[in-house]
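Me: I would like to learn how to read pockets and helix packing in a model. Please take me through it.

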Amino acid sequence: MFNLTGSIVALVTPMKEDGSICWKSLSELINWHINSGTSAIVVVGTTGESATLDVSEHVQVIEQCVQYSSDEIPIIAGTGANSTREAIYLTSAAKEAGAKAALLVTPYYNRPTQEGLVKHYEAISSEVDLPQILYNVPSRTACDLLPETIAILSDNDNIVGLKEASKDISRIRKLKQELEKRPNGEDFLLYSGDDTSACNFLSEGGHGIISVTANVIPDKIAKICDLSLKGFTDKAVEEDNKLNDLHQALFLETSPIPVKWILNRLGRIPNGIRLPLTELNPRYHKKIELIIEKHGLLK
């Protein structure tokens, strides 16, 4: 049974200035997370710029990350697409590469109905025998996967969990009520996709965080998850409150623009990002430099 909990990093895809993938930095990032207590790594998700990688690159990143991880940390492959056929292909490729699970964002731009979402995810589930995590991020996809729909999808054995990026904590309560009515509801995994509200999400019964902030401070996000999951909620909130400025800074511009700028500033990745995304606007540099200094990130 797939039963992953804790801090899961939504990993950036390191790129050189010309936009080509920097495989050396990618390998080094994975080793860093292995040594920092991260529970698992999501590769080529939306933070990994999946929308600007072509299909062959997408598959190659999954293959290389599985190889780099050497089974020391689970690799979850982002395989969502706004074409069901493409999502099936990517999910099949992820399974063949050795990924432990797939993360499937809702079909963006198409704006399918709830019935269309059910059929989309059921088609992938029936075609590929691999644990699959639904991903709902309405602010970026113009598509909202509703709690009632998620509960229906939980009946599929391959659909094991949800990454919910809404800040509305009442949604997890509604979803838990819906899941109680379903045969697999008790085992369905719930992951926060919003760093700023993740502690509240965990206190409502969440199982982990799929985190952007963990790219920068993996050990601290792992510690916060561990505290919360062990029932030390107040201490987890106390530790998380210290990071509010960093959480906010990572979304001063569209993610992953700020997180890639910070990682470059820390010497962990080259200064590469693909159009239509651009480098962080200089007007934010001073503010983020002060946050980096405050948290002692420059060694």
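**Pockets and a helix pair**

Reply: The second largest pocket holds about 320 Å³ of space. The model is predicted, so local features need pLDDT of at least 70 and side-chain atom pairs pLDDT 80 or more, while totals for chains, interfaces and linings use all residues. Residues are numbered from 1 along each chain as its sequence is written, and side-chain values use heavy atoms, without hydrogens and water.

Me: What is the volume of the largest pocket?

Reply: The largest pocket has about 490 Å³. Its lining has 28 residues, with T46, S50, A51, T52 and Y108 nearest the centre.

Me: How are two packed helices described?

Reply: By the angle between their axes and the distance between the axes. In this model α3 (84–97) packs on α4 (residues 114–127) at about 30°, with axes 10 Å apart. Because angles under 35 degrees count as roughly parallel, α3 is roughly parallel to α4.

Me: Which residues meet there?

Reply: In contact (heavy atoms within 4.5 Å), T84, A87, I88 and T91 of α3 meet H120, A123, I124 and E127 of α4.

Technical notes:
1 Å grid on protein atoms, 1.4 Å probe; cavity = no way out; pocket = protein on both sides within 12 Å on 5 of 7 lines; lining within 4 Å. Points joined across faces, edges and corners; volume = space filled by probe spheres on them. Helix = DSSP H or I, 4+ residues; strand = E, 2+ residues; numbered from the N terminus. Axes fitted to C-alpha atoms, helices over the stretch in contact; angles between N-to-C directions. Parallel < 35°, antiparallel > 145°, perpendicular 65-115°, else oblique.
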